[in-house]
Amino acid sequence: MNEQTTNAQETLAANIAKVRVTITEAAQRAERNVDEITLVAVSKTKPVEMVKIAYNLGVTDFGENRVQDALPKIAEFHPAGLHWHMIGHVQSNKVSKIVGQFDSIQSVDSLHLAQLLNRHAEELSIRLPVLLQVNVSGEESKEGMALVDAPEMARQIVALPHLEVQGLMTIAPLVKDAEEVRPVFRELRTLRDRLRDELPQCAWQQLSMGMTDDYLVAIEEGATIVRIGRAIFGERVYKGDRQ
Ligand SMILES: *Cc1c(COP(=O)(O)O)cnc(C)c1O
């Protein structure tokens with residue numbers, strides 16, 4: 001093993017340990033069971049070698065937001081027990097490429113996308129786990145279905161037989177103090193509770209919310225999935241266009 005790999009391993013081990021401690025402490029503060037919180041390590045822009053190292057350090061779930069970047073990584077590394085999550089916007093023409101590759105699609109933001117995913121899942125005879133992405137804050141730049149549309153859209157999507165709707169996902173606005181986004185997380189949980197009452201045919205067990213800057217608050221507000229990139233893999237370096 002060369003020196004660079006050893007360094008990457010040590011850095012990742014330290015980062016992952018720190019994140020796990022923070023998750024555990026936040027769960028304890030909220031009097032929640034830490035076992036109900038899944039850490040999704042967001043590996044976007046990072047090489048598959050880092051995914052392999054993190055996996056060997058016990059991380060089982062990884063998130064990617066761009067189909068074309070993710071597919072080669074998934075093709076190279078998808079051992080049993082590793083789950084790849086799609087967390088970015090999915091264009092209609094990419095649906096056929098991702099069904100059967102990702103283990104879960106967290107970014108279902110329209111009925112049309114849900115119908116396409118359902119059709120391709122049917123062709124593969126699978127039931128695809130999905131989350132509905134909701135734009136709670138209403139920021140124009142954010143993807144996700146509008147909060148007011150969510151109940152009706154959810155009602156139509158849960159009727160699709162080849163999708164397994166497991167819950168909701170949101171991206172909070174970028175703020176200076178994570179406390180400011182607490183109402184966003186609370187609102188997603190309130191919506192989840194309402195959908196669980198209205199559509200009991202799904203368990204609605206997952207609330208995917210919280211990233212590097214705000215996962216502590218998200219866990220206090222009930223997150224069952226946190227999506228963490230920078231705190232694990234370090235800052236992202238973008239070549240050209242922003243993601
Ligand atoms: C990039 C990304 C994350 C991770 O963000 P960090 O701030 O690096 O933790 C989480 N969720 C989504 C949807 C993302 O695109």
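**Around the ligand**

Guide: Let's start with Arg-236, which has a polar side-chain atom 2.7 Å from an oxygen atom of the ligand; a polar contact is a pair of N or O atoms within 3.5 Å, and within protein one must be able to donate a hydrogen and the other to accept it, with residues adjacent in sequence counting only if both atoms are side-chain atoms. This is a predicted model, where local features need pLDDT of at least 70 and side-chain atom pairs count only at pLDDT 80 or more, while totals for chains, interfaces and linings use all residues. Residues are numbered from 1 along each chain as its sequence is written, and side-chain values use heavy atoms, with hydrogens and water left out.

Visitor: What does Lys-44 do with its polar side-chain atom?
Guide: That atom lies 2.7 Å from an oxygen atom of the ligand. For Arg-227, a polar side-chain atom lies 2.8 Å from a nitrogen atom of the ligand.

Visitor: Which residues are around the ligand?
Guide: Among them are Val-42, Ile-87, Met-211, Thr-212 and Gly-229, where near means a heavy atom within 4 Å.

Visitor: OK, new topic. Which residues touch the most other members in the largest nonpolar core?
Guide: Ile-105, Leu-117, Ile-157 and Trp-204 do, in a core of 73 residues. A nonpolar core is a set of buried Ala, Val, Leu, Ile, Met, Phe, Trp, Tyr and Cys residues joined through side-chain atoms within 4.5 Å. Helix α1 (residues 3–29) gives the largest share of this core, six residues; helices (H or I, at least four residues) and strands (E, at least two) are DSSP runs, numbered from the N terminus.

Visitor: Is Trp-204 buried or exposed?
Guide: Trp-204 is buried, at 0% relative accessibility; buried means under 20% relative accessible area, exposed over 50%, partly exposed in between (1.4 Å probe, protein chains only). Trp-204 sits in the loop between α7 (182–198) and β8 (206–208), and its phi is near 55°, a positive value in a residue other than glycine.

Visitor: And what about Glu-31, buried or exposed?
Guide: Glu-31 is exposed, with a relative accessible area of 75%. Its place is the loop between α1 and β1 (38–42), and phi of Glu-31 is near 55°, positive in a residue other than glycine.
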